[in-house]
Amino acid sequence: MSLILFTEQMLNGLQFGVMLFLMAAGLTLIFGVMGLINLAHGSLYMVGAFAAAWVAGASGSFLLALMASLAAAAAAGALIELTVIRRLYARDHLDQVLATFALILIFSEGTRWAFGSFPLFLDIPPLLSGPVTLPGGIEYPLYRLTIILVGLTVAAALFALIARTRIGIQIRAGESDREMIAALGVNISALYTLVFALGAALAGLAGALIGAIQSVQVGMGEPVLILAFVVIVIGGIGSIKGALVGAILVGLTDTLGRILLPAFFSQFMAPQAANSVGSSLASMAIYILMAVVLVVRPGGLFGKA
Amino acid sequence: MKLKTLAMAGVLGMAACAAQADIKVGMITTLSGGGAGLGIDVRDGFMLALEQSGRSDIEVIIEDDQRKPDIAVQLADKMIQSDKVDVMTGIIWSNLAMAVVPGAVAQGKFYLSPNAGPSALAGKGCNKNYFNVAWQNDNLHEGAGAYASDAGYKSAFILAPNYPAGQDALTGFKRFFKGDLAGEIYTQLGQTDYAAEIAQIRASGADSVFFFLPGGMGISFLKQYADSGVGLPVVGPAFSFDQGILQAVGDAALGVINTSQWNKDIDNPTNAGFVASFSAKYDRLPSLYASQGFDTANLLISALESADINDQDAFRAALEAADFNSTRGEFAFGPNHHPIQNIYVREVIKEGDIYTNKIIGTALTQHGDAYAAECKM
């Protein structure tokens with residue numbers, strides 16, 4: 001395998017990881033601060049993508065579409081927090097899973113009712129389309145580079161928010177002792193709604209960014225949701241830093257596994273067999289990674305043990 | 001007076017009898033979730049044909065399988081045991097068909113497949129009461145292989161998801177492709193990011209790409225492929241280029257070659273009427289799935305016209321005759337009850353604002369399938 005191909009695959013892995021981070025950041029914040037398992041996070045990703053596709057179709061502007069995705073997902077997040085999720089904080093995880101699974105069904109069929117059963121069109125803006133040549137002669141799609149950049153910027157902003165601002169202090173305090181922070185006069189329920197809407201907005205942004213290179217359709221969020229859960233388990237539940245490291249680890253493992261494993265098996269097996277063993281093993285690679293991490297560090301890489 | 005009442009009752013009774021459905025059709029198809037577009041098209045095509053036939057004695061019971069085999073099996077049991085349907089149809093996905101069809105035909109029901117055509121039901125597992133009105137799964141891929149050979153491609157990079165229909169697809173392509181393979185990849189089912197595969201295609205030195213990625217997977221692949229700047233010619237089966245998803249792919253699909261047994265510009269009166277009436281009724285262009293639903297219903301009606309469904313042998317013979325006007329023009333069943341038909345080469349074009357397909361040639365003429373010889377009925 002040439003160095004160029006390998007570098008291109010590393011970039012692909014990084015881009016995939018950064019996208020997973022946008023999903024996982026919201027999920028881990030919500031789980032860390034409120035102790036809530038939110039299966040409907042994938043639906044918020046879908047809401048973001050549909051809002052972006054709809055606004056892009058109506059206005060022709062990708063920037064407006066991105067803003068619409070943030071707004072729509074945050075609004076949907078705040079709405080379900082106020083109406084449904086709020087009643088679940090005190091309940092056990094099984095009730096939360098049941099209720100948020102119901103939300104998935106409601107969002108999916110509601111979206112179908114509003115937009116129909118056929119996938120929507122959302123394209124890369126002309127300014128960002130096509131490949132660019134990087135140093136070393138690597139041709140790489142400009143849009144994917146943009147996703148990497150946006151993702152890393154969001155990560156930096158999120159760290160600053162958590163570490164440097166008053167809201168961030170409250171979020172961290174809420175994570176460690178929610179009764180104490182309520183007793184100190186912080187409006188805890190407003191804080192929860194805010195955190196939930198923030199997580200939802202990040203998921204919506206991921207949906208819109210990815211919707212431009214994938215298909216905007218009902219049910220698009222569920223496969224990403226599973227990966228996002230793997231990411232936060234690896235990174236340690238509740239840790240933003242863990243989510244970032246976990247997401248990039250999962251992105252790289254998945255991408256490189258898909259390339260290297262079939263090539264590895266073809267060294268000593270017939271091509272057909274190597275191909276099928278390699279690709280089967282590649283689809284398990286991230287789960288094997290998760291198992292190994294959990295054996296070594298049961299709380300995840302950056303979790304509280 | 002008494003006589004008059006009796007006569008009235010008799011007339012009313014007869015009227016009630018006529019109004020009651022004589023033939024029950026059970027349709028299990030996918031109407032919710034990610035793959036719903038296909039099931040909705042099959043259903044709409046089927047119901048359009050029934051409506052145009054003017055027959056009021058056919059009752060269709062439609063249920064949603066949610067693309068889940070276990071639910072499809074439950075629905076089939078209910079339709080057979082409590083609804084007592086005569087004929088079943090509607091299943092889109094091969095894995096669901098494998099779960100339902102063998103049981104249904106073993107219980108003496110007729111099954112007319114409007115889509116799924118797994119090789120297992122075409123070869124050793126064929127059944128005298130199972131008819132496939134669409135295609136055997138390999139057919140469109142075989143057409144793509146034949147086209148790629150005819151177009152002079154020497155070295156193809158091929159990819160499909162790692163599941164039975166994906167393996168059938170690559171097998172079908174290779175059966176008719178005479179060149180070499182620059183690479184062969186199985187991707188994950190439901191995968192949405194193809195950057196890694198596209199990088200391999202770029203590095204492989206291939207002169208063409210064949211892919212089978214149905215539904216959303218194909219949309220993702222095509223958009224990412226177009227954006228990558230690789231630019232090699234792409235060939236695929238119609239499943240990634242049907243009317244339902246082309247609008248979501250947009251310009252990335254323009255000029256792509258794909259193979260299909262049907263297109264809206266096949267020149268015959270049945271097809272012209274079908275395209276016009278479908279567009280008028282549902283306010284969208286029909287897809288190949290809609291044409292398959294339409295043909296399935298017309299096959300059923302043609303058999304009902306000439307035979308009584310309670311006389312199974314006569315009804316089966318009437319189905320085998322396939323004496324109906326197909327949207328595909330000529331249509332006949334092979335010995336294993338799968339179609340013998342032309343596989344066309346289409347190109348994606350833009351008509352006004354709408355992306356659609358145009359036939360540019362024929363890949364395979366009067367093509368059957370590779371499994372017919374294994375079928376012993």
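Student: How much area do chain B and chain A bury between them?
Tutor: In this predicted model, chain B and chain A bury about 3000 Å² between them, and 49% of that area is on carbon and sulfur atoms.

Student: And which residues in chain B lose the most area to chain A?
Tutor: Those are Gln188(B), Lys223(B) and Asp227(B), which together account for 20% of what the chain B side buries.

Student: How many residues does each chain put into the contact?
Tutor: Chain B gives 40 residues and chain A gives 39.

Student: What about salt bridges, how many does the rule find across the interface?
Tutor: The rule finds 4 salt bridges between chain B and chain A, and one of them joins the side chains of Glu8(A) and Arg202(B), with an N to O distance of 3.5 Å.

Student: Which elements of chain B give two or more residues to that side?
Tutor: On the side of chain B that touches chain A, they are helix H2 (36-53), strand S7 (180-187), helix H8 (195-204), helix H9 (216-228) and helix H10 (243-249); by class, the residues of that side divide into 14 nonpolar, 17 polar and 9 charged.

Student: Switching to pockets, what lines the second largest pocket?
Tutor: That pocket holds about 590 Å³ of space and has 26 lining residues, with Pro262(A), Gly183(B), Glu184(B), Ile185(B) and Gln200(B) nearest its centre.

Student: Which helices and strands supply at least two residues of that lining?
Tutor: Helix H10 (240-265) and helix H11 (271-296) of chain A do, along with S7 and H8 of chain B, and the lining as a whole has 13 nonpolar, 10 polar and 3 charged residues.

Methods:
Residues numbered from 1 in each chain as written. Chains lettered and ligands numbered in written order. Predicted model: local features only at pLDDT ≥ 70, side-chain atom pairs only at ≥ 80, totals over all residues. Heavy atoms only, no water. Contact = heavy atoms within 4.5 Å. Buried area = accessible area lost by both parts, 1.4 Å probe. Helix = DSSP H or I, 4+ residues; strand = E, 2+ residues; numbered from the N terminus. Nonpolar A, V, L, I, M, F, W, Y, C, P; charged D, E, K, R; others polar. 1 Å grid on protein atoms, 1.4 Å probe; cavity = no way out; pocket = protein on both sides within 12 Å on 5 of 7 lines; lining within 4 Å. Points joined across faces, edges and corners; volume = space filled by probe spheres on them.
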